[in-house]
Amino acid sequence: MHIAEKGEGPVVLFLHGFPELWYSWRHQIVGLAAHGYRAIAPDLRGYGDTDAPPSIHSYSVFHIVGDLIALIDTLAVDQVFLVGHDWGAAIAWNLCLFRPDRVKALVNLSVTYRPRNPTRKPIESLKALLGDDYYICRFQEPGVAEAEFASLGTATMIKKLLTFRQPGALIVPKETGFAGLSPSYNTLPSWLSEEDINYYASKFEQKGFTGGLNYYRALDLNWELTAPWTGVQVKVPVKFIVGDQDLTYTTPGVKDYIHGGGFKRDVPYLEEIVVMEGVGHFINQEKADEVTAHIYEFIQLMAPKVVVASL
């Protein structure tokens with residue numbers, strides 16, 4: 001496992017999403033280190049300079065969470081502050097579900113907790129709700145998305161995904177494929193440079209996209225493996241941050257879950273929900289300073305207070 005780290009102090013562990021790397025947290029690593037924390041961001045299994053086993057069955061939540069527990073053990077700390085975005089957020093929810101003893105507090109971005117539905121597998125549910133052309137459904141067949149991405153070129157595909165900003169569920173018709181995704185900017189936005197795109201592209205050129213796509217392909221496998229946790233709540237202190245233009249926030253049913261009581265029911269120690277106006281999915285890069293401040297404020301609040309008694 002490859003990690004990036006900076007600073008000294010209590011550990012803040014950052015988990016990236018798709019199609020990203022440790023690099024997605026570059027701003028927060030610097031910011032939290034400056035505030036007296038040891039910021040650590042791995043390339044997750046299948047990404048960047050971390051090993052990428054080929055089998056879908058090597059990407060269950062138990063494998064990914066197991067990697068992170070091993071990392072925490074290697075750091076020789078009992079607990080960490082945990083921060084996740086996109087797939088990193090999904091993994092963070094599971095880490096807190098399986099091993100709450102290793103997490104002081106969680107700040108998750110974009111992706112809510114998704115309790116297990118005991119009556120229907122995830123892909124079947126997604127197809128029923130959003131159709132076969134929903135992007136997660138389109139990712140299921142091994143090799144298909146990889147071939148489309150290759151035909152477009154790695155840098156072009158990274159640019160399309162990181163700048164895509166249309167609200168609502170991401171639908172990718174087979175007739176047009178991912179080539180039909182229109183970036184929401186004629187030029188790169190101020191928060192994303194050609195240098196950034198080139199860094200991402202260089203790593204995905206080396207490693208390919210299969211590792212990251214296997215997280216989606218293991219969704220039904222995860223459903224089978226996590227049956228013992230049906231109905232279990234996530235019981236760590238949580239702050240949740242999302243942009244109001246994020247495709248995860250604007251997908252049908254999500255706002256009602258967040259604001260209608262379902263989220264708080266499943267995550268009883270949900271302390272704060274922040275909805276940032278005019279912000280899309282890649283929130284930790286688009287609003288880097290604001291997100292860093294939100295993380296710092298929450299972990300400061302959750303840190304054990306040291307009281308010095310005078311004699």
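Colleague: Where is the place of Phe204?
Modeller: Look in helix α8, which spans residues 194-207. Helices here are DSSP runs of H or I with at least four residues, strands are E runs of at least two, and both are numbered from the N terminus. The model is predicted, so local features need pLDDT of at least 70 and side-chain atom pairs pLDDT 80 or more, while totals for chains, interfaces and linings use all residues. Residues are numbered from 1 along each chain as its sequence is written, and side-chain values use heavy atoms, without hydrogens or water.

Colleague: Does Phe204 count as buried or exposed?
Modeller: Buried means under 20% relative accessible area, exposed means over 50%, and partly exposed is in between (1.4 Å probe, protein chains only). Phe204 counts as buried because its relative accessibility is 4%.

Colleague: Which residues touch Phe204, not counting those up to four places away in sequence?
Modeller: Contact means heavy atoms within 4.5 Å. On that reading, Phe204 touches Pro19, Glu20, Leu21, Tyr47, Thr154, Ile158 and Phe209.

Colleague: Let's turn to Arg26. Is Arg26 buried or exposed?
Modeller: Arg26 is in helix α1, and it is buried because its relative accessible area is 12%. A polar contact is a pair of N or O atoms within 3.5 Å; within protein, one must be able to donate a hydrogen and the other to accept it, and residues adjacent in sequence count only through side-chain atoms on both sides. The side chains of Arg26 and Asp196 make such a contact at 3.2 Å. Setting aside neighbours within four places in sequence, Arg26 is in contact with Trp191, Asp196, Tyr200 and Gln285.

Colleague: What does the side chain of Asn284 reach?
Modeller: The side chain of Asn284 reaches the backbone oxygen of Ser24, at 3.3 Å. Asn284 lies in helix α13 (residues 283-286) and is buried, with a relative accessible area of 0%. Not counting residues up to four places away in sequence, Asn284 touches Ser24, Trp25, His27, Gln28, His85, Leu109 and Val291.

Colleague: How many cavities of 30 Å³ or more does a search of the whole structure find?
Modeller: On a 1 Å grid over the protein atoms alone, a cavity is a set of points where a 1.4 Å probe fits but cannot get out; a pocket is an open set with protein on both sides within 12 Å along at least five of seven lines, and lining residues have an atom within 4 Å of a point. Points join across faces, edges and corners, and a volume is the space filled by probe spheres set on them.
The search finds 2 cavities. The largest cavity holds about 50 Å³ of space. It has 10 lining residues, and the closest to its centre are Leu162, Phe164, Arg165, Gly280 and His281. For the second largest cavity, the volume is about 30 Å³, and the lining consists of Phe164, Arg165, Gln166, Gln245, Leu247 and His281.

Colleague: And how much space lies in the largest pocket?
Modeller: About 1500 Å³. Among its 47 lining residues, Val111, Thr112, Arg114, Leu126 and Leu219 are the closest to its centre. Elements giving two or more residues to this lining are α3 (87-98), α4 (122-130), α5 (135-138), α10 (219-225) and α11 (254-259).
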